[in-house]
Amino acid sequence: MAEKASTKTIAQNKKAYHDYFVEESLEVGIELFGTEVKSLRQGRVNLKDSWCSIVEGELFLNGMHISPYEQGNIFNKDPVRVRRLLAHKREIMRLFGHVKQNGYSLIPLSLYFKNSRVKVQVGLCRGKKLYDKRQDLAAKVAQRDIQRAIKERNR
């Protein structure tokens with residue numbers, strides 16, 4: 001029998017959805033040390049200003065801040081060090097083609113535990129212009145007003 005994969009969200013990058021159109025997303029693993037995982041279990045991570053880069057056929061996560069683990073002493077690593085992401089070579093090369101030719105960006109969207117492993121959801125994103133952000137905000141406000149009207153009507 002196949003077991004269900006349990007997932008627990010650690011952090012989400014809400015700013016990414018505000019600043020970018022997410023064209024597609026990909027689940028990848030991440031290479032971490034023990035004290036970093038313990039700090040993640042406490043939820044001490046910030047994805048806000050992070051991005052991904054491809055260097056010599058490998059995928060790296062830059063700018064993610066994992067706070068040092070309090071009981072980690074000498075085993076703690078640099079909080080904003082570059083971390084390697086684990087994906088198949090074919091997927092990395094496909095993403096590399098999109099980034100170089102089409103002007104997309106690779107942005108981490110969320111960080112979560114899948115069973116006992118830490119996974120990162122990386123989005124292939126296209127940047128929004130200011131008028132796109134205004135349109136999204138207007139649509140969000142309109143949707144909220146509709147929901148309020150429906151709720152008031154049902155009372």
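The charged end of R41 is placed over the ring of F113, at 4.4 Å from the ring centre. This is a predicted model.

**Aromatic rings**
- A second ring, that of F21, has K128 over its face, 5.2 Å from the ring centre.
- A pair of aromatic rings is described by the distance of the centres and the angle of the planes.
- With ring centres required to lie within 6.5 Å, the count of aromatic pairs is zero.

- Strand β4 covers residues 51–55, and strand β5 covers residues 58–62.
- The two strands pair in the antiparallel sense, with five bridges.
- Side chains alternate between the two faces of the sheet in a regular strand.
- Two residues lie between the strands of the hairpin, and E56 adopts a positive phi near 50 degrees.

**Largest pocket**
- The largest pocket holds about 170 Å³ of space.
- Its lining consists of K14, Y17, H18, K128, K133, D136, L137 and K140.
- Five of the lining residues are charged, two are nonpolar and one is polar.
- Helices α1 (14–19) and α4 (130–153) each provide at least two lining residues, and α4 gives the most, with four.
- K128 belongs to this lining and also lies over the face of F21.

Definitions and conventions:
Residues are numbered from 1 along each chain as its sequence is written. This is a predicted model: local features need pLDDT of at least 70, side-chain atom pairs count only at pLDDT 80 or more; totals for chains, interfaces and linings use all residues. Side-chain values use heavy atoms; hydrogens and water are left out. On a 1 Å grid over the protein atoms alone, a cavity is a set of points where a 1.4 Å probe fits but cannot get out, and a pocket is an open set with protein on both sides within 12 Å along at least five of seven lines; lining residues have an atom within 4 Å of a point. Grid points are joined across faces, edges and corners, and a volume is the space filled by probe spheres set on the points. Ala, Val, Leu, Ile, Met, Phe, Trp, Tyr, Cys and Pro count as nonpolar, Asp, Glu, Lys and Arg as charged, and the others, Gly among them, as polar. Rings of Phe, Tyr and Trp (its six-membered ring) pair if their centres lie within 6.5 Å; planes under 30 degrees apart count as stacked, over 60 as edge-to-face and the rest as tilted. A charge sits over a ring if NZ of Lys or CZ of Arg is within 6 Å of the ring centre and within 35 degrees of the ring normal. Buried means under 20% relative accessible area, exposed over 50%, partly exposed in between (1.4 Å probe, protein chains only). Two strands pair if DSSP finds at least two bridges between them.
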